[in-house]
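Please take a moment to look at the chain before I begin with its backbone.

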Amino acid sequence: MSEAPTFLPLKGHAKDLGGGFTVRRLLPAVQRKAVGPFLFFDHFGPVTVLPGDSHDVRPHPHIGLATVTYLFSGAIMHRDSLGCVQQIEPGAINWMTAGRGIVHSERRPESLANQPYVNHGIQLWTALPVAHEEADPSFVHTPAADIPEVHVAGAGGAAGATVRVLIGTAFGQTSPVATLSPTLYLDVQLSAGATLEIPALAQEMAVYTVDQPVQLNGQPLDAQLLGVVEAGQGMHLAAPADAAARLMVIGGDALDAPRHMWWNFVSSRKERIVQAAQDWEAQRFDPVPGETEFIPLPPQRFKAD
């Protein structure tokens, strides 16, 4: 009989965002609501977007959170109610602080309107600290060239790993991406048969297997699962002998208070979510310049009772 895993494996579920665009949602889960400040984890693609497909995400609002968008391939055109227009491309970190309220759309870039391309990436939400839930909204794009990258050699000169420090500090490198609470986000590429030791860089940590099964602390973790290690525990990662593996590590300080999440809204106060829903229905949020469409509220409303 095999030993029970020393980590919590989360399988996730498919979520249709409309237009045939399906994502794999790992957080929130019944077994675990958050890892550090991360309380929402979507893996989308790889999916081939054809000229006739409609994967655009129309303008929609957020409060109380920050979105973190990272692409492995493809492109997304971001527009928001602050007037920011940014093409999101592979390797860059795009951090949008919603705070007291922001509206944004995510669409196919016009340059790709008449050609197929492959979109593949990760969409995360982090809860803002309670003291900053009503902060001014903002959007910051950090180009791929500004993200520090570390090559970690394997034992005895064997092939090792490449680690991109997207957010936080690891392997002697610190990301330029600013956060409001201790946050960790790494893009790890393990060579076939390679191992990597990641110390306890944050109070809470988890690793997501993007494309291959790996060994986590000596036990198997299947592909496209999120393995949440015990608080304060590090990670020993090992790739299959015959295949390279891509992994995403997330973590940070535990949430400073429980969060309520409904639709696109996050808050420590239920009544704030109710107010945000009323504001969106009455179109009191600032619009995205040049956009006329919007996503309406879900028919099933949030109740504060």
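Predicted model: local features only at pLDDT ≥ 70, side-chain atom pairs only at ≥ 80, totals over all residues.

Where is the place of Pro-28? Pro-28 sits in the loop that runs between strand E3 (22-27) and strand E4 (38-49).

The bond that joins Leu-27 and Pro-28 is cis, with omega at about 0 degrees. A cis bond is also found from Gly-45 to Pro-46, where omega is near 0 degrees. Pro-46, for its part, lies in strand E4.

Phe-171 has a positive phi, near 50 degrees, and is found in the loop between strand E15 (169-170) and strand E16 (173-174). Its relative accessible area is 29%, so Phe-171 is partly exposed. Gln-224 also has a positive phi, near 60 degrees. The loop that holds Gln-224 lies between strand E21 (219-221) and strand E22 (226-229). Gln-224 counts as partly exposed because its relative accessibility is 25%.

Let me turn to the aromatic rings. A pair of aromatic rings is described by the distance of the centres and the angle of the planes. The count here comes to twelve aromatic pairs. In one of them, Tyr-70 and Tyr-185 have ring centres 6.2 Å apart and planes at 70 degrees; since edge-to-face requires an angle over 60, the pair is therefore edge-to-face. This pair links distant parts of the chain, with Tyr-70 in strand E6 (residues 65-73) and Tyr-185 in strand E17 (residues 183-190), 115 residues apart. Both Tyr-70 and Tyr-185 are buried.

A stacked pair is formed by Phe-265 and Phe-285, with 6.4 Å from centre to centre and 5 degrees between the planes. Phe-265 belongs to strand E26 (residues 265-267) and Phe-285 to the segment after helix H1 (270-281), so the pair ties together parts that are 20 residues apart in sequence. Phe-265 and Phe-285 are buried as well. These two rings also belong to a cluster linked by ring pairs, in which Trp-262, Trp-263, Trp-280, Phe-294 and Phe-302 take part too.

Next, the charged side chains. How many salt bridges does a search of the whole structure find? The search finds 14 salt bridges. One of them joins Asp-42 to Arg-25, and the closest N and O atoms are 2.7 Å apart. Here Asp-42 lies in strand E4 and Arg-25 in strand E3, so the bridge links distant parts of the chain, 17 residues apart. Why does Asp-42 count as buried? The relative accessibility of Asp-42 is 3%, and the residue counts as buried because the limit is under 20%. Arg-25, at 13% relative accessibility, therefore counts as buried too.

A salt bridge also forms where the side chains of Arg-107 and Asp-56 meet, at 3.3 Å from N to O. Arg-107 lies in strand E10 (residues 102-107), while Asp-56 lies in the loop between E4 and strand E5 (57-62), so parts that are 51 residues apart in sequence are tied together by this pair. Arg-107 counts as buried because its relative accessibility is 14%. Asp-56, in contrast, has a relative accessible area of 33% and is therefore partly exposed. Asp-56 and Arg-107 are linked with Glu-291 and Glu-293 in a network of salt bridges.

Arg-269 forms a salt bridge with Glu-271, in which the closest N and O atoms are 3.9 Å apart. Arg-269 counts as partly exposed, at 36% relative accessibility, and Glu-271 counts as partly exposed at 47%.

I close with the nonpolar cores. Which residues have the most contacts inside the largest nonpolar core? They are Phe-41, Tyr-185, Leu-226, Met-248 and Ile-250, in a core of 28 residues. Strand E6 gives the largest share of this core, four residues. Not counting residues up to four places away in sequence, Phe-41 touches several partners, among them Arg-25, Leu-27, Ile-122, Tyr-208, Leu-226 and Ile-250. Another core lies apart from the largest one and has 26 residues, including Val-165, Ala-170, Leu-186 and Leu-225.

Key: Residues numbered from 1 in each chain as written. Heavy atoms only, no water. Helix = DSSP H or I, 4+ residues; strand = E, 2+ residues; numbered from the N terminus. Buried < 20%, exposed > 50% of the residue type's maximum accessible area, 1.4 Å probe, protein only. Phe/Tyr/Trp six-rings, centres within 6.5 Å; stacked < 30°, edge-to-face > 60°. Salt bridge = Lys/Arg side-chain N within 4 Å of Asp/Glu carboxyl O. Core = buried A, V, L, I, M, F, W, Y, C linked by side-chain atoms within 4.5 Å. Contact = heavy atoms within 4.5 Å.
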